[in-house]
Protein chains: 2
Amino acid sequence: MITPASPRLFHFYAGDVGEWKITKIIQVKGECLAPAARLRMSATTDCAQTTWMLRGTTSNERYVTREEKASLGQKQQDLGRASATYAVLIPIKKKNAWWTLSQDERRSVLEAQSRHIEIGLRYLPAVARRLHHCRDLETVQPFDFLTWFEFAPSDLPAFVELLDTLRATPEWQYVEREVEVWLEADAA
Amino acid sequence: MITPASPRLFHFYAGDVGEWKITKIIQVKGECLAPAARLRMSATTDCAQTTWMLRGTTSNERYVTREEKASLGQKQQDLGRASATYAVLIPIKKKNAWWTLSQDERRSVLEAQSRHIEIGLRYLPAVARRLHHCRDLETVQPFDFLTWFEFAPSDLPAFVELLDTLRATPEWQYVEREVEVWLEADAA
């Protein structure tokens with residue numbers, strides 16, 4: 001029985017080939033990822049030789065209210081804008097203490113205490129974003145989330161400010177492992 | 001690269017072998033599952049010949065509040081009680097309209113309008129239950145959830161009442177496909 005891959009599953013292959021040049025990999029918390037030259041994003045699973053491979057699936061939102069969903073929908077931009085030649089992949093693993101919270105407690109930490117959604121909204125439409133979930137895949141994964149960010153070089157200071165602001169929140173006390181993979185598109 | 005299977009992943013193999021005898025398969029909504037003699041529940045992926053195979057992973061709760069989580073924790077029983085010789089596997093797929101709701105809207109349908117958690121609590125500890133999620137696996141799955149129920153033969157009327165009560169709620173208007181797989185353990 002061959003079961004087709006989910007159409008919402010994305011793979012990130014780090015190695016010698018790929019449309020994105022890896023400019024740096026920064027260890028934020030916990031173990032880092034091994035250095036590599038290029039990153040390839042792909043919807044298909046293949047057996048190419050890679051330094052490391054991460055994967056995750058897009059899914060329904062877990063926390064946003066109808067009002068927040070509408071605000072996000074109005075402001076956010078699609079991936080793949082010609083101007084967005086910088087990208088950053090941020091894999092995150094949260095502590096077990098996060099996953100044993102109830103839904104209302106997680107929402108309270110995420111938004112009432114940390115303003116995660118509101119902070120993210122401030123950086124739209126400059127920073128485009130896609131969230132991938134890894135925790136409920138068939139296979140054991142080293143991270144719970146992979147967030148992919150894209151922006152123009154001129155929006156780099158805003159992006160760094162976004163990361164600093166989020167990392168100062170109570171929600172980030174639940175982060176066990178975090179890595180930044182900085183990427184640059186080849187000149188067209 | 002061999003990635004180990006998630007320790008929270010469970011497989012349900014229907015075919016000629018298995019610790020549970022399939023006594024009937026009932027089509028509740030949408031396409032039914034093919035008939036088979038036995039069902040095997042397994043933590044490992046194998047290539048055995050099967051009539052059908054379903055799989056899903058346990059995960060963090062998506063809706064319960066702290067108070068509800070505490071009530072459930074106090075009342076619910078583990079699977080595998082010697083008295084629980086009846087089991088029912090209920091695979092469910094929800095409509096796309098469910099998945100595009102925001103979190104507050106889904107919680108409102110599930111509990112404020114449908115009392116799903118409160119209804120479930122009424123049938124504890126008689127009915128033991130484990131919920132498996134299939135929607136965010138790597139592979140395309142025919143269902144979103146697999147719920148496994150176990151109970152003693154004397155609690156059969158209560159279990160049927162639980163199903164009838166839940167199916168009369170607004171939440172069930174979002175159900176697109178549902179099947180009941182009725183099972184009996186072999187006499188010890």
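Modeller: Start with one term: a residue is buried if its relative accessible area is under 20%, and exposed if that area is over 50%. Anything in between is partly exposed. Keep in mind that this is a predicted model.

Biologist: Let's begin with charges. How many salt bridges does the structure hold over all chains?

Modeller: The total over all chains is 26. To read one, look for a Lys or Arg nitrogen within 4 Å of an Asp or Glu carboxyl oxygen. Take A:K94 and A:E171: their closest N and O atoms are 2.6 Å apart, and they form a salt bridge. A:K94 sits in strand β5 (residues 86–94) of chain A, and A:E171 in the loop between α5 (156–167) and β8 (175–185), so the bridge ties together parts that are 77 residues apart in sequence.

Biologist: Are A:K94 and A:E171 buried or exposed?

Modeller: Both partners are buried.

Biologist: Where do B:R55 and A:E138 lie?

Modeller: First the contact: their side chains meet in a salt bridge, 3.3 Å from N to O. B:R55 belongs to strand β4 (residues 52–57) of chain B, while A:E138 is in the loop between β6 (128–133) and β7 (145–151) of chain A, so this pair joins two chains. B:R55 and A:E138 are buried.

Biologist: Now strands. How many residues of β8(A) are buried?

Modeller: Eight of its eleven residues are buried, so β8(A) is largely enclosed by the rest of the structure. Then find its partners. Strand β2 (residues 20–29) of chain A pairs with β8(A) in the antiparallel sense over eight bridges. On that side, A:K24 stands opposite A:W182. β5(A) also runs antiparallel to β8(A), with seven bridges joining them. There, A:I92 stands opposite A:E178.

Biologist: And a helix? Which residues of α1(A) are buried?

Modeller: In this helix, residues 66–75, the buried residues are A:E68, A:K69 and A:L72. They span an arc of only 100° around the axis, which means they are on the same side of α1(A). That buried set packs against α3 (103–113) and α4 (116–122) of chain A. The face turned away carries the exposed residues A:E67 and A:Q74.

Biologist: Last, a single residue. Where is A:R135 placed?

Modeller: Look in the loop between β6 and β7 of chain A. A:R135 has a relative accessible area of 18%, so it is buried. A:R135 and A:F145 are ten residues apart in sequence and 7.3 Å apart in space, C-alpha to C-alpha.

Biologist: What does A:R135 touch, beyond residues up to four places away in sequence?

Modeller: The contacts are A:W99 and A:D144 in chain A, plus B:R8, B:S59 and B:N60 in chain B. With B:N60 there is a polar contact, side chain to side chain, at 3.4 Å.

Key:
Residues are numbered from 1 along each chain as its sequence is written. Chains are lettered from A and ligands numbered from 1 in the order in which they are written. This is a predicted model: local features need pLDDT of at least 70, side-chain atom pairs count only at pLDDT 80 or more; totals for chains, interfaces and linings use all residues. Side-chain values use heavy atoms; hydrogens and water are left out. Helices (H or I, at least four residues) and strands (E, at least two) are DSSP runs, numbered from the N terminus. Buried means under 20% relative accessible area, exposed over 50%, partly exposed in between (1.4 Å probe, protein chains only). Two strands pair if DSSP finds at least two bridges between them. The arc is that of the directions from the helix axis to the C-beta atoms. Contact means heavy atoms within 4.5 Å. A polar contact is a pair of N or O atoms within 3.5 Å; within protein, one must be able to donate a hydrogen and the other to accept it, and residues adjacent in sequence count only if both atoms are side-chain atoms.
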